[in-house]
Amino acid sequence: MGIKSQWFMQWVLLAVLVFIGAKSTSQIFYNNKGTSESIGPVNNGKIQNSYLLPYSGKNYRYFSPFSYYLLGRAYVHSTVYATVLDGYKICESRCDGTTFRVMECSNKKGGSMFPHRTHQNGTSVDFMTPLMKKGNQHKFFDRIGIFRYALNFDKDGELNLNKKVSIDYENMARHILAMEEAARSNGMYIKKVIFKIDLKDNLFATASGKQLQRSGIYFAQSLPKSIDNLHDDHYHIDFEFL
Ligand SMILES: [Zn+2]
C-alpha cells in the first residue's frame, strides 16, 4: 500500500471511529428520569421521555452493541423499564440460573424502526429465546448480535444449524410468567406475545408452559408466514397499561 493510500485509510478509519463515538454518546450519557408517555399505537406511535434499558444486569444482557449504542434501539416506556427489570429480578431465583437476552425495543423517540412493524411507542420488547444443549444453557448463538434474528428452528424447536441445540421452553415460559407478574405489579399486563405458531404446543407442553397457557396471556393465534417465520429465535411482547 502506498503512503498516500495509507494516509487515506487512516483518515477513513478515524472518520468511522468519530462517527461511532458521536452516535454512541447519545446512549452512553443518557439519563433516565421522570415518566414516559407513549403516544399512539405500537404500529403508528411515538414516545416522549423514554428510558434506556441497561446494557446488562445480573442475569440479562442486551444482544448487540451495534443495536444498543449505534442504532439506539433499547428505549422503552418508564413503566416497561421497571417491569423488565423486576421480571429479571424474579427470574434470578426461578429460572435455573439462565442468562437472558433482550433484543430490540424502540428508538429514543419511537416511530418506525425498520424492519419491525411495531416497536413504535416504547411498549414492545423482543426477547431472545433461551437455548440449551444436553440440558444446559447454550450461549454460543446468543453472542452473534443482529445475526441472531436470522436463525431458524425446525418444528420441534431444534436449531437448523445444529440439531443438538434447542429452545429451552421451560425457562422461556418461566420468563414470560415473571414478566407478566412484574407487569401486573407495575400496573401493566402482557397484551400480546408473538411466537411462532408451530412452536407454541412445545412451549405449552412444559410444566411452566402449562401454567402459562392457563394464565390466559394472549398469544398471537395466526400470523402471516413472513412474520411467523421470524418469531422462533425471539418472541415479541407488547405490554399495555391495565
Ligand atoms: Zn418485535
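The structure is a predicted model, in which local features need pLDDT of at least 70 and side-chain atom pairs count only at pLDDT 80 or more, whereas totals for chains, interfaces and linings use all residues. Residues are numbered from 1 along each chain as its sequence is written, and side-chain values use heavy atoms, with hydrogens and water left out.

The protein chain contains seven helices and 13 strands, taken as DSSP runs numbered from the N terminus (helices, H or I, at least four residues; strands, E, at least two). Its radius of gyration, computed over C-alpha atoms, is 19 Å, close to the 18 Å that the globule rule gives for 242 residues, so the chain is as compact as a globular protein of that length; the rule is 2.2 Å times the number of residues to the power 0.38. The C-alpha trace spans about 65 × 45 × 35 Å along its principal axes, and 48% of the 242 residues count as buried. Among contacts (heavy atoms within 4.5 Å) between residues at least 6 apart in sequence, 73% join residues at least 24 apart.

The largest pocket holds about 670 Å³ of space. A pocket is here an open set of points on a 1 Å grid over the protein atoms alone, where a 1.4 Å probe fits and protein lies on both sides within 12 Å along at least five of seven lines, and lining residues have an atom within 4 Å of a point. Grid points are joined across faces, edges and corners, and the volume is the space filled by probe spheres set on the points. Of the 32 lining residues, R117, T118, H119, I194 and H236 are the closest to the pocket centre. Two or more residues are given to the lining by each of β12 (188-194), α7 (225-230) and β13 (234-241), with β13 giving the most, six residues. By class, the lining comprises 13 nonpolar, twelve polar and seven charged residues, with Ala, Val, Leu, Ile, Met, Phe, Trp, Tyr, Cys and Pro counted as nonpolar, Asp, Glu, Lys and Arg as charged, and the others, Gly among them, as polar.

H119 belongs to the loop between β6 and β7, where it is buried at a relative accessible area of 1% and has a positive phi of about 60 degrees although it is not a glycine. P115 is found in the loop between β6 (100-102) and β7 (124-128) and is joined to F114 by a cis peptide bond, with omega about 0 degrees. D96, in the loop between α3 (78-94) and β6, also has a positive phi, near 55 degrees, but is exposed at 62% relative accessibility.

F153, in the loop between β9 (136-137) and β10 (158-159), is buried with a relative accessible area of 3%. Leaving aside neighbours within four places in sequence, the contacts of F153 include L131, I167, K196, D232 and D233.

Note on methods:
Buried < 20%, exposed > 50% of the residue type's maximum accessible area, 1.4 Å probe, protein only.
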